[in-house]
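Subject: Structure handover

Hello,

Here is the structure for you to look over. My notes follow it.

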Amino acid sequence: MLRGPRRLLWVSVRPAAALAAALLPSLVRCSILEPRDPVASVLSPYFGTKTRYEDVNPGLLSGPQAPWRDPELLEGACTPVQLVALIRHGTRYPTAKQIRKLRQLHALLQARGPGDDGVGSASSRDLGAALADWPLWYADWMDGQLVEKGRQDMRQLALRLASLFPSLFSPENYGRLQLITSSKHRCVDSGAAFLQGLWQHYHPGLPPPDVEDMECGPPKINDKLMRFFDHCEKFLAEVERNATALYHVEAFKTGPEMQNILQKVASTLKVPVNDLNADLIQVAFFTCSFDLAIKGIKSPWCDVFDIDDAKVSITVLEYLNDLKQYWKRGYGYTINSRSSCTLFQDIFQHLDKAVEQKQRSQPVSSPVILQFGHAETLLPLLSLMGYFKDKEPLTAYNYKEQMRRKFRSGHIVPYASNLIFVLYHCKNAKTPKEEFRVQLLLNEKVLPLAHSQETVSLYEDLKNHYKDILQSCQTSEECELAKVNSTSDEL
């Protein structure tokens, strides 16, 4: 499986040393997370796309490498012959933009007058002081990069999938693995970490070689598939660069629900409410999530959202995040999902090829296809397929009516989230049509089909249901901007 190691991995010492120096004092002020910590357990499921994978699959907290087999998975006469997985990158650092906002909030707290700590309860004074003195260990170079916890997410996912589908992830198939990734470092590194997890599965106790020296080779970059949204002019013009596209997000920021939280946080932190805004409140919430996900600690930022009133605050902040995902990546605009047609068709091209090869009694050339992308890759695709669609759109004005909504991004696309297509070949089928079946898994749990709620579909029936997308959705046409008539009637 090896061609021999070619080089040693060089790691910069300076960022690591700076990070260690910054972490030491902050760890003194932050409590290591205890099992079933009340604040963490209340906040954890509401971090939206910043949610830990184990908070969606709580069983992983006790056994992150142990595979859990969904009882709905096919077995017996039906044998898996191909697996196509779309995987979001693992836990990452904040982006540079998020770090800048955190610095802005931190500076606001440090600018408080000496007398600001003298008003209010002891807990308020302690929290304000703790946050003002809290060293910011986040640095610009981190900018959304994968953290060690994210690599662990991927290695453990690889171990579980290899144990769940041993015939597909067999050593004989290792050289036929096909890996595609977004060009973003966090996705490239996620793919590499997944391969390291597979190496651990095949060779327990042996250190993995450099990814370039593995038989299957490193993941290949393909942004047209994994970052299709960057290549869709209509999406870029009508959503990404359109100042009014996220109207409902901006309206909710100034609505009564967010204003109530602003008042509460301003009172807790002893800062003028006019100095705060929804973005700064959200960055405090996400900083709590990053500290929890990256370092496994409950930092003082979590205490901003007092446990006695936590449910109200965090559900509002979760809804704010979901509004953005809904209007920018989900059902808000048709182009959000239609821009992912190429990716959807690519998945079915792999499945078609596997069916054709099995029908000819040939080995499946690519039994496992792994594609590493983003939450922004998965959400449009799931919307295209009709999943998590509520009867009414999410708006700035129906927060209370949407309390039981299906579209909750943290439950759908946490870190390391995955959508898996499993193609089965079933012996003793009565007709050729019944010979091939498909199941979908979301985050390792069988996902009922959107149109029937069944847990398995005949492959031809699934293709027929999505016939419009497979046959009529052409990205070149979907993403083409409407031509403006430039002719002039002037004489």
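Lys-97 sits in helix 4. Helices here are DSSP runs of H or I with at least four residues, numbered from the N terminus. Please bear in mind that this is a predicted model: local features need pLDDT of at least 70, side-chain atom pairs count only at pLDDT 80 or more, and totals for chains, interfaces and linings use all residues. Residues are numbered from 1 along each chain as its sequence is written, and side-chain values use heavy atoms, with hydrogens and water left out.

Lys-97 counts as exposed, at 52% relative accessibility. The cut-offs are under 20% relative accessible area for buried, over 50% for exposed, and partly exposed in between, with a 1.4 Å probe and protein chains only. Lys-97 and Asp-140 are 43 residues apart in sequence. Their C-alpha atoms are 8.9 Å apart in space.

Two residues have a positive phi without being glycine. Asp-143 has a phi of about 25°. Asp-143 lies in the loop between helix 5 (122–133) and helix 6, and is partly exposed at 41% relative accessibility. Lys-270 has a phi of about 60°. Lys-270 belongs to the loop between helix 11 and helix 12.

**Helix 6 against helix 7**

Two packed helices are described by the angle between their axes and the distance between the axes. For helix 6 (residues 148–164) and helix 7 (residues 185–202), the axes come within 7 Å and cross at roughly 45°. Axes are lines fitted to C-alpha atoms, for helices over the stretch in contact, and angles run from 0 to 180 degrees between N-to-C directions. Helix 6 and helix 7 are therefore oblique to each other. Angles under 35 degrees count as roughly parallel, over 145 as roughly antiparallel, 65 to 115 as roughly perpendicular, and the rest as oblique. The crossing of helix 6 past helix 7 is right-handed, meaning that the near helix is turned clockwise from the far one by less than a right angle.

How many of the 10 residues of helix 17 are buried? Nine are, so helix 17 (residues 375–384) is largely enclosed by the rest of the structure. Among the buried residues are Leu-378, Leu-379, Pro-380 and Leu-381. Gly-386 follows helix 17 and has a positive phi, near 90°.

Asn-336 lies in helix 15 (residues 334–338). Asn-336 is buried, with a relative accessible area of 2%. Asn-336 and Leu-379 are 43 residues apart in sequence and 9.0 Å apart in space, C-alpha to C-alpha.

**Cavities**

There are two cavities of 30 Å³ or more. A cavity is a set of points on a 1 Å grid over the protein atoms alone where a 1.4 Å probe fits but cannot get out, and lining residues have an atom within 4 Å of a point.

The largest cavity has a volume of about 40 Å³. Its lining includes Leu-105, Val-265, Ile-281 and Phe-305. Helix 12 (278–295) gives the most to that lining, with three residues. By class, the lining of the largest cavity has nine nonpolar, no polar and no charged residues.

The second largest cavity has a volume of about 30 Å³. Helix 4 (96–110) and helix 12 each supply at least two of its lining residues. Gln-98, Tyr-138 and Thr-287 are among the lining residues. The lining of the second largest cavity divides into six nonpolar, two polar and no charged residues. Ala, Val, Leu, Ile, Met, Phe, Trp, Tyr, Cys and Pro count as nonpolar, Asp, Glu, Lys and Arg as charged, and the others, Gly among them, as polar.

Best wishes

Technical notes. 1 Å grid on protein atoms, 1.4 Å probe; cavity = no way out; pocket = protein on both sides within 12 Å on 5 of 7 lines; lining within 4 Å. Points joined across faces, edges and corners; volume = space filled by probe spheres on them.
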